Amino acid sequence: MSWGERLAELGIELPDVAAPVAAYVPAVRSGSQVYTSGQLPFVDGQLAATGKVGAEVSPEEAKRYARTAALNAIAAVDALVGLESVVRIVKVVGFVASAEGFTGQPAVINGASELFGEIFGDAGAHARSAVGVAELPLGAPVEVELIVEVS
């Protein structure tokens with residue numbers, strides 16, 4: 001089954017690639033790897049939420065936003081090299097705008113990690129960092145970036 005067929009089976013549509021909010025491109029290829037820029041939880045060109053996780057945004061909501069940001073990252077990969085060229089997800093880095101004392105970053109970024117498992121199965125198993133930060137661009141609660149091996 002192709003990755004596109006897997007997305008269809010799951011009822012997932014890739015969004016349009018989110019427009020960069022500064023001087024960068026959504027993804028670049030170097031050899032057999034694609035590196036995405038950090039992707040925010042944009043939906044139809046609008047940030048899905050703002051605020052810090054553990055204050056204005058609940059951890060459960062943030063987990064859903066991490067999934068949305070991950071879909072945006074996959075869309076950036078697809079636009080650059082085509083989804084079918086994905087061999088595996090190598091590394092996920094997730095940033096969580098965290099309220100003071102919030103330490104649940106790994107559970108939030110599971111929203112991205114679980115999505116990659118759903119879509120790519122064993123090829124979605126990856127190394128990962130989940131980092132709490134004081135602020136993210138535009139006040140976003142989460143940001144996700146990827147390193148993907150491609151053929």
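Here is a short chat about a predicted model and a few of its residues.

Biologist: Hi! Which residues does UniProt list for the domain "Endoribonuclease L-PSP/chorismate mutase-like"?
Modeller: The UniProt entry, which is unreviewed, gives residues 6-148 for that domain. Keep in mind that we're looking at a predicted model.

Biologist: How much helix and strand is there over residues 6-148?
Modeller: That stretch is 31% helix and 27% strand. Its end C-alpha atoms lie 18 Å apart.

Biologist: What does the side chain of Ser 37 reach?
Modeller: It reaches the backbone oxygen of Val 25, at 2.5 Å. Setting aside neighbours within four places in sequence, Ser 37 also has contacts that include Tyr 24, Pro 26, Val 144 and Glu 145.

Biologist: Where is Leu 138, then?
Modeller: Leu 138 is in the loop between β6 (127-133) and β7 (142-150). Its relative accessibility is 53%, so Leu 138 counts as exposed.

Biologist: New topic: what about Ser 113?
Modeller: Ser 113 belongs to helix α3, residues 105-120. Ser 113 is buried, at 14% relative accessibility. Not counting residues up to four places away in sequence, Ser 113 touches His 126 and Arg 128.

Note on methods
Residues are numbered from 1 along each chain as its sequence is written. This is a predicted model: local features need pLDDT of at least 70, side-chain atom pairs count only at pLDDT 80 or more; totals for chains, interfaces and linings use all residues. Side-chain values use heavy atoms; hydrogens and water are left out. A polar contact is a pair of N or O atoms within 3.5 Å; within protein, one must be able to donate a hydrogen and the other to accept it, and residues adjacent in sequence count only if both atoms are side-chain atoms. Contact means heavy atoms within 4.5 Å. Helices (H or I, at least four residues) and strands (E, at least two) are DSSP runs, numbered from the N terminus. Buried means under 20% relative accessible area, exposed over 50%, partly exposed in between (1.4 Å probe, protein chains only). UniProt positions are given in the numbering used here, feature names are shortened, and annotations may be inferred rather than shown by experiment.
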